[in-house]
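Student: I've got a model open and I'd like to learn how to read it. Can you walk me through it?

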Amino acid sequence: DVIFHLASKMGIDLYFGAKEEADDLICSFIHQNSEDINILVSSDKDFFQLLEKYPRLAIYRPGVSGRRLYDSDVATEHMAKLCGVPIQPREIVMFKALTGDPSDGITGVPRLRKKVLAPLCYCQTIDELIGTGMPKFSKKEKENTISLRDRLVTNLKLIQLVDNLEIESFKI
């Protein structure tokens with residue numbers, strides 16, 4: 001209550017939706033204000049998926065060492081350092097659906113090698129990924145991916161940010 005009060009006194013718009021994910025409210029706000037320069041403060045890599053779609057967006061990542069201000073190129077470099085191969089911001093959804101995201105309680109494919117997965121992150125659906133034949137996946141990685149298909153489809157939906165909420169209806 002104190003933060004809401006102080007923010008309103010400073011002229012900061014506040015948005016709240018008890019049944020909506022904060023990530024989706026943020027994404028919808030950016031979508032509806034895409035002509036403005038937006039700086040998003042978050043260490044959540046889920047937001048990387050917005051960087052190519054919204055070129056006037058930068059992400060400031062507090063608490064990380066080194067570079068803290070991210071655009072599409074910096075996000076790609078960051079993912080390359082983490083995984084050994086570049087993953088474009090538009091590919092982060094597939095990457096996280098398959099590898100999982102413990103901070104969001106999302107379980108991916110066990111022991112799936114990131115370097116093997118990364119070249120297939122361009123796929124838009126799990127069926128498209130499976131349809132590639134998953135070259136370079138081990139037999140066990142293929143079996144696990146196919147057997148976890150339904151979970152992975154759900155993961156994809158959970159990670160994909162929503163940008164079509166009518167943000168003004170959540171303004172407090």
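Student: Which element gives the most to the lining of the largest pocket?

Tutor: That's α2, with 5 residues. On a 1 Å grid over the protein atoms alone, a pocket is an open set of points where a 1.4 Å probe fits, with protein on both sides within 12 Å along at least five of seven lines, and lining residues have an atom within 4 Å of a point. Here α2 (22-32) and β1 (38-41) each supply at least two lining residues.

Student: How much space lies in the largest pocket?

Tutor: About 450 Å³. A volume is the space filled by probe spheres set on the grid points, which are joined across faces, edges and corners. The lining has 18 residues, and the closest to the pocket's centre are Asp-13, Tyr-15, Leu-25, Ile-26 and Phe-29.

Student: What should I know about the model itself?

Tutor: It's predicted, so local features need pLDDT of at least 70 and side-chain atom pairs count only at pLDDT 80 or more, while totals for chains, interfaces and linings use all residues. Residues are numbered from 1 along each chain as its sequence is written, and side-chain values use heavy atoms, with hydrogens and water left out.

Student: How many helices and strands does the protein have?

Tutor: Helices are DSSP runs of H or I with at least four residues, strands are runs of E with at least two, and both are numbered from the N terminus. This protein has 8 helices and 5 strands, in the order α-α-β-β-β-α-α-β-β-α-α-α-α.

Student: What percentage of the residues count as buried?

Tutor: Buried means under 20% relative accessible area, exposed over 50%, and partly exposed in between, using a 1.4 Å probe and protein chains only. Of the 172 residues, 42% count as buried.

Student: Where is Arg-111, in which loop?

Tutor: In the one between β5 (106-107) and α5 (114-117). Arg-111 isn't a glycine, yet its phi is positive, about 55°. Its relative accessible area is 77%, so Arg-111 is exposed.

Student: And Met-134, is that one buried or exposed?

Tutor: Met-134 is buried, because its relative accessibility is 2%. Met-134 is found in the loop between α6 (126-131) and α7 (139-147), and its phi is also positive, near 50°, in a residue other than glycine.

Student: How many charged side chains are there, positive and negative?

Tutor: Lys and Arg count as positive, Asp and Glu as negative, and His and the chain ends are left out. There are 23 positive and 25 negative side chains, and the centres of the two sets lie 9 Å apart. Each charge is placed at NZ of Lys, CZ of Arg, CG of Asp or CD of Glu.
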